[in-house]
Amino acid sequence: MGSSILPDLGAEILIPVCAVIGIVFSLVQWLLVSKVKLSPGRDSGSPGNNGAGGKSGYSDYLIEEEEGLNDHNVVIKCAEIQTAISEGATSFLFTEYQYVGIFMVAFAILIFLFLGSVEGFSTKSQPCTYDKSKMCKPALATAIFSTVSFLLGAVTSVVSGFLGMKIATYANARTTLEARKGVGKAFITAFRSGAVMGFLLAANGLLVLYIAINLFKLYYGDDWGGLFEAITGYGLGGSSMALFGRVGGGIYTKAADVGADLVGKVERNIPEDDPRNPAVIADNVGDNVGDIAGMGSDLFGSYAESSCAALVVASISSFGINHELTPMLYPLIISSVGIIVCLITTLFATDFFEIKAVKEIEPSLKRQLIISTVLMTIGIGIVSWVALPSSFTIFNFGDQKAVKNWQLFLCVAVGLWAGLIIGFVTEYYTSNAYCPVQDVADSCRTGAATNVIFGLALGYKSCIIPIFAIAMSIFVSFSFAAMYGIAVAALGMLSTIATGLAIDAYGPISDNAGGIAEMAGMSHRIRERTDALDAAGNTTAAIGKGFAIGSAALVSLALFGAFVSRAAISTVDVLTPKVFIGLLVGAMLPYWFSAMTMKSVGSAALKMVEEVRRQFNTIPGLMEGTAKPDYATCVKISTDASIKEMIPPGALVMLTPLIVGIFFGVETLSGVLAGSLVSGVQ
């Protein structure tokens, strides 16, 4: 079997050091962003603000000064708008977290009761699940520790989303002001702010998980099977909060978007983000709570789940049985190396190459994906060589499968490259540089109906190649290393999460920057620059969603495998009526979920449209620009609607497995899970 080259102490030092480097790097990026002043003529009170010229661009001549505009007023206006957006987003998230907090506590109690009642809350040691000859810690301990790790995951997920939203609302006006100096400066500010979120999330997720494992180890000692089973709560906590963040934020952003665009652009014929539009602040807040806080929690959920799934399978394989710590922590070491790789990749965008023209923006973001993937492949190769024994066995539905370290390297690499393929296909289907989007634009000549048909067809068509990429990676990774292979393939796809999130968060920040430029009444040339940033940002946001879906598909399969192993189901037979019924019901669930969320967006948008119309009709001087609209009411409509409407879809997802499992048994539940996985990915 052999042992790994990297000693246990090396692994124990490497993981926290990489996580701390990630956190420090994100703080450095934040410091660089904070050097852009938002208050005219005085320091913005952030640390290290000495206003030095040169590379940071203060010696550059401002266009505004050439054009003879009053610079002072523009900066004050930008600061005011930024404050309004930030306050709206913060108040929404706090309200959302109050409701989600209640749910979190209720679900934690449920987890405790379900797991504790397995042995009637006994405090006696019991035979281990996978090896009856050994004694393991009591069920009550597993219940307590699983509940603690669930709460840890939930809190980390919420904090990740919140911090992301904070940095985005901090950076949007700064990006607008930098756009006066040129598109390159604005790009760097937006990208750096995105990097703050990406690195904070990746490093926090890794550090909290690593600390939790070490603290739990104090109690569990040599019972690694029990230890890592208790750790799975971390992934569940992360993804259950992500569910509410995504649904709540999504309903908010779309309701505000539809309301602002329908009345403003279509009925009143005013530009997007015009300050006369009452829903304009709500629209910009929506970008932050939906695309940043929601996306952050979402990717954190996938990241935590794939790490936990891999650790659980490893704990009942030769790594766990022989207590080999370094190979056991292989999933965490991959994530650690990922942080360092993303750090180097980020420097390519912000320091090594400077963007001089609009047409360089999208290639630069694409380069980020390619560089991080190539470097990460080398990183995975080194990690697999150093941290794994040359051969070992992996748990495979009751048997142990012999695996070589190069096979595990291929599993992770296949996931990583599948992620890149999904990213590029998504970009092809969503970028205005390629024919799919141009076809949709062309279809507008005959009205909205053909446009909707073309757009829908395009969306359906964009599934094809990503599904083949996911299928290929599942086949390769399962053939080599069973369910562990699939879990590490998902981890491979998410190993460059810091870069992926930086690219993803860049989009909404540029979008907000454009909105602020329009509302502050900046010149047409500035708006053109922010629009160019925003157009690239829309595409990159879609790439981020592609990553989230691809990795979620692999993670779901790995967790499904863990569930089937744990429930001692040897095969899921589609021909038995119980399983087939489950498949049908499971395949229907994503449609039910989508119907709920779409109806919620529809009813919230309806209220928003009525409110915007009411303000245009009743506030004298609003269209002329002499009176100010009531932004707060629109923000409140979106907030109230999304909070109220996010509960039913969330409850549907969380309660279905419990109800099916209790009333119809594990076979039917395995069908439901498989059905919803297959149908949901599409």
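Begin with the aromatic rings, of which a search of the whole structure finds 22 pairs, where rings of Phe, Tyr and Trp (its six-membered ring) pair if their centres lie within 6.5 Å, and planes under 30 degrees apart count as stacked, over 60 as edge-to-face and the rest as tilted. This is a predicted model, in which local features need pLDDT of at least 70 and side-chain atom pairs count only at pLDDT 80 or more, while totals for chains, interfaces and linings use all residues. Residues are numbered from 1 along each chain as its sequence is written, and side-chain values use heavy atoms, with hydrogens and water left out.

**Phenylalanine pairs**

Select Phe94 and Phe162, whose ring centres are 5.4 Å apart with planes at 45°, so the pair is tilted. This pair links distant parts of the chain, with Phe94 in helix 3 (residues 71-116) and Phe162 in helix 4 (residues 139-178), 68 residues apart; helices here are DSSP runs (H or I, at least four residues), numbered from the N terminus. Phe94 is partly exposed at 46% relative accessibility, whereas Phe162, at 18%, is buried; buried means under 20% relative accessible area, exposed over 50%, and partly exposed in between (1.4 Å probe, protein chains only).

Next select Phe103 and Phe107, a stacked pair with 5.6 Å from centre to centre and 20° between the planes. Both lie in helix 3, four residues apart, about one turn of the helix.

**Charges over rings**

Move to Arg367, whose charged end sits over the ring of Phe353, 4.8 Å from its centre, and then to Lys366, which lies over the face of Phe424 at 5.9 Å from the ring centre. The criterion is that NZ of Lys or CZ of Arg is within 6 Å of the ring centre and within 35 degrees of the ring normal.

**Cysteines**

How many disulfides does the count come to? It comes to zero disulfides, a disulfide being a pair of cysteine sulfur atoms within 2.5 Å. The sulfur of Cys18 is 11 Å from the closest cysteine sulfur, in Cys342, which is too far for a bond. Cys18 is buried, with a relative accessible area of 5%, and Cys342 is also buried, at 0%.

Conventions:
Helix = DSSP H or I, 4+ residues; strand = E, 2+ residues; numbered from the N terminus.
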